[in-house]
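Keep the sequence and the model side by side. The paragraphs below walk through the structure one region at a time.

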Amino acid sequence: MPDPGSHRYDIRRTRLRGELDDHGVPDQNADDAANELLQREHPPRPVGERAGGPLGGGGGVEADGGLRLRSSAFSGHTMIPDRCSHRGGNSSPPLEWDAVPPGTEEIALLCEDPDAPGGTFHHWVVSGIPAEVTALDENAVPAQATPGRNDFGETGWGGPEPPVGDEPHRYLFRVFAVDTPLRLGADATADDLRNAVDGHVLAHGTLVGLFGR
């Protein structure tokens with residue numbers, strides 16, 4: 001059986017949720033039922049055994065980082081709309097998160113695909129989001145924010161474009177509340193952002209979406 005946090009586990013959850021949908025279970029109830037069934041099969045491992053951390057890179061399940069990240073376009077571990085894909089409109093998805101803790105100077109954002117054939121592929125790098133902002137509209141970032149360079153070599157959002165025929169890839173959206181101005185430019189990469197926030201993260205949250213072609 002697949003391990004929690006693995007690609008196969010996410011695919012199993014998506015298929016199980018689809019079966020519940022087919023039986024007429026409402027969306028929110030289907031989400032909860034799928035989670036409950038999978039948690040019975042695969043109890044969570046202790047936090048110390050989990051891969052990844054607030055800065056990502058491990059591809060596994062994270063401990064709660066204090067911020068609940070969500071989207072009105074998709075729920076956790078479900079399919080990202082085609083309009084957000086690189087060839088389907090390339091609209092960045094709407095996101096919202098909880099109010100950040102006191103002392104937050106700015107908010108930063110990453111989106112990455114840990115299932116890309118050549119290794120983790122970064123689709124979105126954004127810094128300079130004001131601390132009082134708690135949501136991004138679809139295909140928009142605040143005027144004060146600074147979109148960085150994604151791994152397509154473009155500035156801003158570069159939507160999912162996994163190889164045709166692959167099982168759906170995971171897309172990890174990560175939000176960070178940091179205690180210092182990052183002062184990153186439009187040429188900043190995901191590595192630049194990670195280096196800048198290291199040691200300055202007051203809270204963080206992750207939302208996982210799926211996409212396949």
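His-77 is partly exposed, because its relative accessible area is 23%, between the 20% limit for buried and the 50% limit for exposed. This residue belongs to a predicted model. His-77 lies in the loop between β1 (69-70) and β2. Its backbone deserves a look. Most residues other than glycine have a negative phi. His-77 is not a glycine, yet its phi is positive, at about 65 degrees.

Find it in the loop between β8 and α3. Is Arg-183 buried or exposed? It counts as exposed, because its relative accessibility is 71% and the limit is 50%.

Now step back to the whole chain. It has three helices and nine strands. Starting at the N terminus, the order of elements is α-α-β-β-β-β-β-β-β-β-α-β. The chain holds 213 residues, and 45% of them are buried.

Strands of a sheet pair through backbone hydrogen bonds, either parallel or antiparallel. Here six strands form an open sheet with mixed pairing, in the order β2-β9-β8-β4-β5-β7. At the edges are β2 (78-79) and β7 (146-147), each of which pairs on one side only. Look at β4 and β8 within this order. Strand β4 covers residues 106-113 and β8 covers residues 169-178. The two run antiparallel and are joined by seven bridges. For a landmark, Leu-110 stands opposite Arg-174 in β8.

Which strands does helix α3 lie across? Helix α3 (residues 190-197) lies across β4, β5 (121-130), β8 and β9 (201-211). Its direction is at about 135 degrees to β4.

Turn to the aromatic rings. A pair of aromatic rings is described by the distance of the centres and the angle of the planes. The whole structure contains four aromatic pairs. One of them joins Trp-124 and Trp-157 edge-to-face, with 5.1 Å from centre to centre and 75 degrees between the planes. This pair links distant parts of the chain: Trp-124 is in strand β5, Trp-157 is in the loop between β7 and β8, and 33 residues separate them. Both tryptophans, Trp-124 and Trp-157, are buried.

Trp-157 also pairs with Phe-173. Their planes are at 20 degrees and their centres 5.9 Å apart, so the pair is stacked. Again distant parts of the chain are linked: Trp-157 sits in the loop between β7 and β8, Phe-173 in strand β8, 16 residues apart. Both partners fall under the 20% limit for buried. Trp-157 has a relative accessible area of 8%, and Phe-173 has 0%. Together with Phe-74 and Trp-124, these two residues form one aromatic cluster.

In soluble globular proteins, nonpolar side chains tend to be buried together. The largest nonpolar core here has 27 residues. Which members touch the most others? They are Leu-95, Trp-97, Leu-109, Trp-124, Ile-129 and Phe-173. Strands β3, β4, β5, β8 and β9 each give two or more residues to this core. The largest share, four residues, comes from β8.

Finish at Gly-89. This glycine is placed in the loop between β2 and β3 (95-97). Gly-89 counts as exposed, because its relative accessibility is 51% and the limit is 50%. Leaving aside neighbours within four places in sequence, Gly-89 is in contact with Asp-82 and Arg-83. Gly-159 is 70 residues away from Gly-89 in sequence, but the two C-alpha atoms are 8.5 Å apart in space.

Notes
Residues numbered from 1 in each chain as written. Predicted model: local features only at pLDDT ≥ 70, side-chain atom pairs only at ≥ 80, totals over all residues. Heavy atoms only, no water. Pairing = 2+ DSSP bridges. Contact = heavy atoms within 4.5 Å. Axes fitted to C-alpha atoms, helices over the stretch in contact; angles between N-to-C directions. Buried < 20%, exposed > 50% of the residue type's maximum accessible area, 1.4 Å probe, protein only. Phe/Tyr/Trp six-rings, centres within 6.5 Å; stacked < 30°, edge-to-face > 60°. Core = buried A, V, L, I, M, F, W, Y, C linked by side-chain atoms within 4.5 Å.
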